[in-house]
Amino acid sequence: MNQFKPTFLYIKQHKITGLLYFGKTTKNPEKYHGSGVYWKRHLKKHGHQIETLWYCLFNDQNLCTEFAVSFSEQEDIVHSKLWANAIIENGLDGAQV
């Protein structure tokens, strides 16, 4: 059984283009840049001038997942041109599970 690590959900914004990214990390969310394929491609093309707009630490896996999915759906992060997310964030998947 996988042990849930305390996880930050965060929102990043590119300072030049305004593109947003919603993600998760178990690292410092102020220093972590994000790992989404489209997001990383965008940073490579436009530079790493990003800021962390918001983050929150979750110690409970269910609360983390519930918030992440709800926010993802509410903001329509997969289909909205404002966001660089290709899939709904669930607070669990990705490089740092």
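This is a predicted model: local features need pLDDT of at least 70, side-chain atom pairs count only at pLDDT 80 or more; totals for chains, interfaces and linings use all residues.

Trainee: How many bridges join strand 1 to strand 2?

Mentor: Strand 1, residues 7–14, is joined to strand 2 by six bridges, and the two run antiparallel. Within this pairing, Ile 11 has Phe 22 as its bridge partner. The hairpin formed by the two strands has five residues between them, and Gly 18 there adopts a positive phi near 80 degrees.

Trainee: Which residues make up the largest nonpolar core?

Mentor: That core has 11 residues, and Phe 22 and Ile 11 are among them, together with Phe 4, Leu 9, Leu 20, Phe 58, Cys 64, Ala 68, Phe 71, Ile 77 and Trp 83. At least two residues of the core come from each of strand 1, strand 2 and helix 2 (61–75). Helix 2 gives the largest share, three residues. Apart from this core lies another, of eight residues, including Leu 19, Trp 39, Leu 43 and Ile 50.

Trainee: What does Phe 22 touch, leaving aside residues up to four places away in sequence?

Mentor: Its contacts include Leu 9, Ile 11, Ala 68, Phe 71, Ile 77 and Trp 83. Phe 22 also touches Tyr 10, Trp 54, Phe 67, Ser 72, Asn 85 and Glu 89.

Trainee: How should I then read the chain as a whole?

Mentor: One may start with the order of its elements. The chain contains two helices and three strands, and along the sequence they follow the pattern β-β-α-β-α. Of the contacts with a separation of 6 or more, 58% are between residues 24 or more positions apart.

Trainee: What radius of gyration would a compact globule with 97 residues have?

Mentor: It would be near 13 Å, and the chain has 13 Å, which agrees. The C-alpha trace spans about 40 × 25 × 20 Å along its principal axes. Buried residues account for 40% of the 97 residues. The accessible surface is about 6200 Å², with 52% of it belonging to carbon and sulfur atoms.

Note on methods:
Residues are numbered from 1 along each chain as its sequence is written. Side-chain values use heavy atoms; hydrogens and water are left out. Two strands pair if DSSP finds at least two bridges between them. Helices (H or I, at least four residues) and strands (E, at least two) are DSSP runs, numbered from the N terminus. A nonpolar core is a set of buried Ala, Val, Leu, Ile, Met, Phe, Trp, Tyr and Cys residues joined through side-chain atoms within 4.5 Å. Buried means under 20% relative accessible area, exposed over 50%, partly exposed in between (1.4 Å probe, protein chains only). Contact means heavy atoms within 4.5 Å. The radius of gyration is taken over C-alpha atoms; the globule rule is 2.2 Å times the number of residues to the power 0.38. Accessible areas come from the Shrake-Rupley method with a 1.4 Å probe; for residues, only the protein chains shown count as cover.
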